[in-house]
Amino acid sequence: MKKYTYPSVLSIAGFDGSGGAGIQADIKTISALGCYATSVLTALPVQNTRGVKTIFPIPVEAVAEQLENLMEDIVPDAIKIGMVHTPQLVEVLVKQLRNYPDIPVVFDPVMVATSGHRLIEEETIAVIVKKLLPLADIITPNMDEAAILAKIKVESLEDMTQAGASIKKLGCKAVLLKGGHQKTKVITSLLFDESTTPRTFEFEKIKTNNTHGSGCTLSSAIASFLALGNSLYEAVDLAQEYVYQAIKQGADTQTGKGNGPLNHFFNPQKLNKNELV
C-alpha cells in the first residue's frame, strides 16, 4: 500500500481573534490552497476589524519550544513568518531557521496594521534587517513597511522602485513590494528578484473595505504555492491572483464594523497528497 505526505506550510505569526489576519488568515489560506497548515504563535494582539487595542507577548521560551517541537515532527515544505515584534523573538527564530537552509522562507514584515497602528519598535527592525532578512527567500512589505525599511517616503511607483531596490540590498533574495495602498484605479506591485529590472503585477483596484489581513494572506499563499512545487515567480504570480479573487469575492460582505476580511474559501482546493518516497 502506497503512503503519502501532505505539502505542509508552517505559519509563525500573531493571533487575530477577529479571524481575518494573522495566524487565522494563514491557516485559512494554506488550507484553501490544498496544503497542510502548522503554526507557531508569536504574540496575542487584542484586535477586531477596527484596529489593534493592545498586544500581549508570548514568552520567548514558549515560542522557541513551539518551534522546536514542531520541527522535530512535521518538517514543513515552506515557512511563512509574520509578526515578530521583539529582538529576542527574532533571535529565537534565526537560531532555529539556520538549521533548515533548504526550506523556503516567506517573511511578511508586519510593522503597520491596516488601521495605521504601528506594531514594531526601531530596535526590533534593526535586528530583523541584520539577522532575519538574509534568511528570507522573499519579503513582502507594503508601502508603509517599505518606507520604514528603506527610510524614504514611499508614495508613488517611482518611490516603490527606489525603495524595493534599496531593501533588496539589505540581504534578502527577493522583495515583493505591494502597491495596495496606491490611490490609482490600477494598483501595481513590484517584484525584485534576480532579474535586472523589477517585474510588475497590475490589478484593478476593488472598491471595498474588506482587505483586513490581505498581507498575511498573500505571504502565506506564496509559501503555499512554493510548498506545492512552484518557482518563486510562479508562486508570487499565483498568490497575487488568489488574493485578488479573495478580495473580489468578499467585497460585498459585511463582517464587523471596520475593515472586513477576505473570502479565503471562494474556491477551496482538496488537500494535496505527495507520494512518500
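# Close-up views of a predicted model

**View 1. Strands β10 and β11 in the predicted model.** Six bridges join β10 to strand β11 (residues 199-204), and the two strands run antiparallel. The model is predicted, not experimental. Serine 189 has phenylalanine 201 of β11 as its bridge partner. Strand β10 comprises residues 186-192 and is mostly covered, with six of its seven residues buried. Strand β10 also pairs with β9, in antiparallel orientation and through three bridges. In that pairing, leucine 177 stands opposite leucine 190 of β10.

**View 2. The parallel pair β2 and β3.** Strands β2 and β3 run parallel and are joined by six bridges. Serine 11 lies opposite serine 39 of β3. Between β2 and β3 the chain passes through helix α1 (residues 22-32), and this β-α-β crossover is right-handed.

View 3. Helix α1 is largely enclosed by the rest of the structure, because eight of its eleven residues are buried. The buried residues are Gly22, Ile23, Gln24, Ala25, Asp26, Thr29, Ile30 and Ala32. Their cover includes β2, β3, β6 (78-81), α7 (214-227) and α8. Just after α1, glycine 34 has a positive phi of about 85 degrees.

View 4. Helix α2 consists of twelve residues, 60-71; at 1.5 Å a residue they should span 16 Å, and the end C-alpha atoms are 17 Å apart, which agrees. Buried in α2 are Val63, Ala64, Leu67, Leu70 and Met71. These residues lie on the same side of α2, because they cover an arc of only 140 degrees around the axis. Glu61, Glu65 and Asn69, on the other side of α2, are exposed. The buried residues of the helix pack against β2 (8-13), β3 (36-41) and α3 (87-97).

**View 5. Valine 46 in strand β4.** Valine 46 belongs to strand β4, residues 43-48. Its relative accessibility is 34%, so valine 46 counts as partly exposed. Leaving aside neighbours within four places in sequence, valine 46 is in contact with Gly51, Val52, Lys53, Thr54 and Phe56. Aspartate 16 is 30 residues from valine 46 in sequence, and their C-alpha atoms are 7.2 Å apart.

**View 6. Nonpolar cores.** The largest nonpolar core has 41 residues, of which Ile81, Val84, Phe107, Leu132 and Ile139 touch the most other members. Not counting residues up to four places away in sequence, isoleucine 139 touches Phe107, Leu133, Leu149, Ile167, Cys172, Ala174, Val175 and Leu176. Another core lies apart from this one; it has 30 residues, including Ile222, Ala227, Val243 and Leu262. In soluble globular proteins, nonpolar side chains tend to be buried together.

View 7. Six of the eight residues of helix α5 (residues 143-150) are buried, and the helix is mostly covered. Buried here are Met143, Glu145, Ala146, Ile148, Leu149 and Ala150. Among the elements that cover them are α4 (122-132), β8 (138-139), α6 (157-168) and β9 (175-177). Lysine 151 is in the loop between α5 and α6. The relative accessible area of lysine 151 is 74%, so this residue is exposed. Lysine 151 has a phi near 60 degrees, a positive value in a residue other than glycine. Most residues other than glycine have a negative phi.

**View 8. Glutamine 254 and asparagine 209.** Glutamine 254 is located in the loop between α8 (232-249) and β12 (274-275). With a relative accessible area of 68%, glutamine 254 is exposed, because the cut-off for exposed is over 50%. Asparagine 209 is 45 residues from glutamine 254 along the chain, and the C-alpha atoms of the two are separated by 9.0 Å.

Definitions and conventions:
Residues numbered from 1 in each chain as written. Predicted model: local features only at pLDDT ≥ 70, side-chain atom pairs only at ≥ 80, totals over all residues. Heavy atoms only, no water. Helix = DSSP H or I, 4+ residues; strand = E, 2+ residues; numbered from the N terminus. Expected span 1.5 Å × (residues − 1). Buried < 20%, exposed > 50% of the residue type's maximum accessible area, 1.4 Å probe, protein only. Arc of directions from axis to C-beta. Contact = heavy atoms within 4.5 Å. Pairing = 2+ DSSP bridges. Right-handed = clockwise from strand over helix to strand, strands pointing away. Core = buried A, V, L, I, M, F, W, Y, C linked by side-chain atoms within 4.5 Å.
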